[in-house]
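Take a look at the structure below. This report walks through a few of its details, one topic at a time.

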Amino acid sequence: MNPRHKALAGALLTYGLLAAAGPAFAQAPAPRVDIDADDIGGVVTGPRGPEAGVWVIAETRDLAVRYIKIVVTDDQGRFVIPDLPKAKYNVWARGYGLVDSDKQDAEPGKTVAISAKDAPDAATAAKTYPAIYWYSMLKIPGADQFGGKSDIPEKIKQTDWLNLMKNNGCVGCHQLGQLSTRTVPKEFGKFDTGAEAWQRRTQAGQAGESMTNILAGELGGAGYHYFGEWTDRIAKGELPKTKPQRPQGDERNIVVTLRDWMNEKQYLHDLISSDRRKPTVNGYGPLYGSPEYSSDTIPMMDVKANTFSTFKMTFEAGTPEALGPGHAASKEALQPSAYWGDEKIWDTHGNNHNSMIDQDGRLWLAATGFKPGNPDFCKKGSDHPSAKVFPLDNSARRIAMYDPKTKVYTPYQTCFQTHHLNFGYDKDNTVWGSGGGQVLGWLNTRIMLETGDVQKAQGWTPIVLDTNGNGKRDDFVAPNEAVDPAKDKRITANFYAVMPAMDGSVWGSIRSNPGAVVRVVPGADPTHTALSEIYNVPAPGFGPRGADIDKNGVVWVSLASGHLGSFDRRKCKGPLNGPTATGNHCPEGWAFHKYPGPGFEGVGDNSAESSYYTWVDQHNTFGLGEDTPVSTGNLNDGLIAMKKDGQMVVLRVPYPLGFYAKGLDGRIDDASAGWKGRGIWAANGDRTPWLIEGGKGNRPLAAHFQLRPDPLAH
């Protein structure tokens with residue numbers, strides 16, 4: 001900014017603050033805040049003076065999408081909301097211990113003085129607490145209630161219970177603890193007990209069957225009592241026992257930008273912005289959403305114009321909806337929704353779970369465009385090399401590609417099933433897929449693009465341990481057979497996350513209790529030579545879900561135990577193959593880092609955080625350094641990054657409350673632009689976007705997280 005303009009802006013701000021503050025502050029000059037023509041700046045002042053560590057929110061609906069930008073005040077209560085599109089904004093402050101300030105009208109290039117308001121009581125203050133503070137009030141059955149000693153099924157352990165209460169069960173689809181879930185919608189009617197209310201609630205909508213299968217099936221109905229008792233206590237006025245702290249350190253330097261897209265009924269599971277291997281790809285380009293079970297429509301966000309468009313996934317005639325048996329969503333609502341009644345709002349065939357961008361900006365999707373039955377070359381009797389080793393008859397989700405240059409969408413009939421996709425570091429730009437059940441599958445995208453021959457371009461391999469210890473793959477016994485000293489052993493290891501490493505190996509996370517990570521070394525001929533290793537999660541960890549790998553080969557994984565787990569194979573002391581290398585042979589490779597936030601009472605030192613996925617910022621796209629692991633903080637209303645010193649940094653979205661991500665990635669739009677040219681992108685991936693603050697009418701959000709050097713940088 002021109003120095004003269006800076007001085008003028010500072011003088012105007014000082015004048016405005018003195019005028020707004022009144023006689024009580026007339027004797028003290030206001031802190032100076034410099035802004036540019038596309039910024040809004042000012043100071044937040046409360047009854048005791050400047051308010052440090054509170055959020056200032058600017059929101060507009062003047063653009064084609066709803067646009068929100070959020071910053072944090074410094075020690076003197078100063079703030080700068082940078083780089084705003086031209087529009088009229090509502091600006092206000094939100095902070096712990098406060099109620100929201102009055103909203104003010106403002107435009108870029110202007111300064112505002114915000115008067116903070118103390119919350120009148122603890123109950124009012126708690127309304128803006130992140131969900132984890134409320135969800136940690138849920139009672140967990142004591143250890144003396146398991147093992148057939150209560151109405152909990154005898155086979156269920158306490159860690160199984162927690163696994164299902166957290167990221168591998170209930171919080172795998174929704175945030176729990178925000179206002180919409182800690183209360184019961186009046187539309188469901190009146191009930192004699194909270195347990196009855198939860199029986200009705202969890203039957204609502206097209207996910208009702210899945211929720212009922214967990215609570216009434218796996219947990220034998222015992223879970224209804226605990227959820228009902230939780231909401232009954234809250235309805236009577238009980239409040240969280242712990243209070244959140246205001247942002248400190250790096251958390252004050254975070255800028256969050258939100259844009260909405262899609263529609264109010266159909267959710268987005270995920271988004272993608274760039275190539276994981278080279279995050280300068282698609283700089284300032286479109287974001288692509290993944291609608292999973294909700295829709296066949298893919299939204300594309302133009303982050304420069306603040307608009308979004310769509311394209312439609314196509315599929316073979318006769319392809320059934322990806323709903324019903326075998327899926328985590330049903331064709332019809334089990335019971336009417338409190339928001340949409342009996343209306344069917346999910347209708348997908350393609351079922352795009354996640355997508356990845358390649359080195360040329362093409363979009364590769366874990367989606368299907370065909371009927372479940374596989375072509376003959378996948379099956380027994382085929383001469384396809386992989387089919388000879390392990391024939392496959394069906395696939396519910398495959399791979400597709402969208403080329404933004406030609407605007408052509410092409411589904412590929414892979415034999416193996418997919419869930420997540422990730423590109424390897426090889427010259428063929430091989431894309432690897434998780435979700436293959438008993439196999440690990442891949443598509444050689446170079447061959448696919450050059451020849452169009454999907455049969456030639458794909459392959460898959462069973463997961464085989466070198467239990468005879470000779471360093472090569474031999475005949476193997478089945479998963480249910482004992483280790484044979486003369487043979488290897490095949491295991492069932494259905495990858496959830498898939499993580500190609502720079503050394504050519506491919507890792508996967510295994511969702512179970514305690515769960516595991518698996519390493520596959522493809523070898524020269526993956527179908528016949530691939531050998532695998534499995535490493536079970538030791539106590540106190542359990543319950544892996546999403547995971548990623550850093551450049552040093554360390555795996556970082558979200559755990560239901562409330563930890564960010566890390567596994568470093570280099571720390572293993574014993575042999576990594578042979579008859580004893582079947583999972584429990586390297587506990588020393590594991591480390592556990594407790595997530596922030598309060599924990600459940602009665603289960604030891606823990607965090608109730610239920611992180612869905614972890615991604616590693618290999619290329620410092622955010623600004624905390626290369627190889628920074630970043631987890632989805634699904635009960636902390638944002639993301640959680642862990643610095644090299646072990647400090648957890650919460651990238652919180654304080655408005656609208658209820659932000660819940662399922663995936664994330666980083667992009668460098670302009671390497672020469674400093675913090676402004678880089679950041680992390682994530683979607684609000686809750687299956688029910690109408691449960692976020694503001695209720696029905698909300699659309700999914702695309703969030704951009706950036707880290708500036710100080711709270712006033714612009």
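## A glutamine and its neighbours

Leaving aside residues up to four places away in sequence, Gln178 touches Ala131, Asp686 and Leu691. The model is a predicted one. Gln178 sits in the loop between helix H4 (158–165) and helix H5 (179–182).

Is Gln178 buried or exposed? Gln178 has a relative accessible area of 6%. Buried means under 20%, so Gln178 counts as buried. Its side chain also has a polar partner: the side chain of Thr181, at 2.5 Å.

## An open sheet

Now turn to the strands. How many strands form the open sheet? There are 8, and their order is S8-S6-S3-S4-S11-S40-S39-S38. The pairing is antiparallel. Strand S8 (104–106) and strand S38 (664–668) are the edge strands. Each of them pairs on one side only. From one strand to the next, the twist averages 25°.

Look at one end of this order. Strand S6 (residues 89–94) pairs with S8 over 3 bridges, in the antiparallel sense. Here Val91 stands opposite Gln104 in S8.

## Aromatic pairs

The structure holds 29 aromatic pairs. One of them joins Tyr496 and Tyr612, with ring centres 6.4 Å apart. Why is this pair edge-to-face? The ring planes stand at 70°, and planes over 60 degrees apart count as edge-to-face. The pair links distant parts of the chain, 116 residues apart. Tyr496 is in strand S26 (residues 495–500). Tyr612 is in the loop between strand S33 (590–594) and strand S34 (614–617). Both tyrosines, Tyr496 and Tyr612, are buried.

Compare the pair of Trp590 and Phe592. Their ring centres are 6.1 Å apart. Their planes are at 5°, so this pair is stacked. Trp590 is buried, with a relative accessible area of 8%. Phe592 is partly exposed, and its value is 24%.

## Charges over rings

Tyr496 comes up again here. Arg511 lies over the face of Tyr496, at 5.3 Å from the ring centre. So the ring of Tyr496 has Arg511 over its face and pairs edge-to-face with Tyr612.

Key:
Residues are numbered from 1 along each chain as its sequence is written. This is a predicted model: local features need pLDDT of at least 70, side-chain atom pairs count only at pLDDT 80 or more; totals for chains, interfaces and linings use all residues. Side-chain values use heavy atoms; hydrogens and water are left out. Two strands pair if DSSP finds at least two bridges between them. Helices (H or I, at least four residues) and strands (E, at least two) are DSSP runs, numbered from the N terminus. Axes are lines fitted to C-alpha atoms, for helices over the stretch in contact, and angles run from 0 to 180 degrees between N-to-C directions. Buried means under 20% relative accessible area, exposed over 50%, partly exposed in between (1.4 Å probe, protein chains only). A polar contact is a pair of N or O atoms within 3.5 Å; within protein, one must be able to donate a hydrogen and the other to accept it, and residues adjacent in sequence count only if both atoms are side-chain atoms. Contact means heavy atoms within 4.5 Å. Rings of Phe, Tyr and Trp (its six-membered ring) pair if their centres lie within 6.5 Å; planes under 30 degrees apart count as stacked, over 60 as edge-to-face and the rest as tilted. A charge sits over a ring if NZ of Lys or CZ of Arg is within 6 Å of the ring centre and within 35 degrees of the ring normal.
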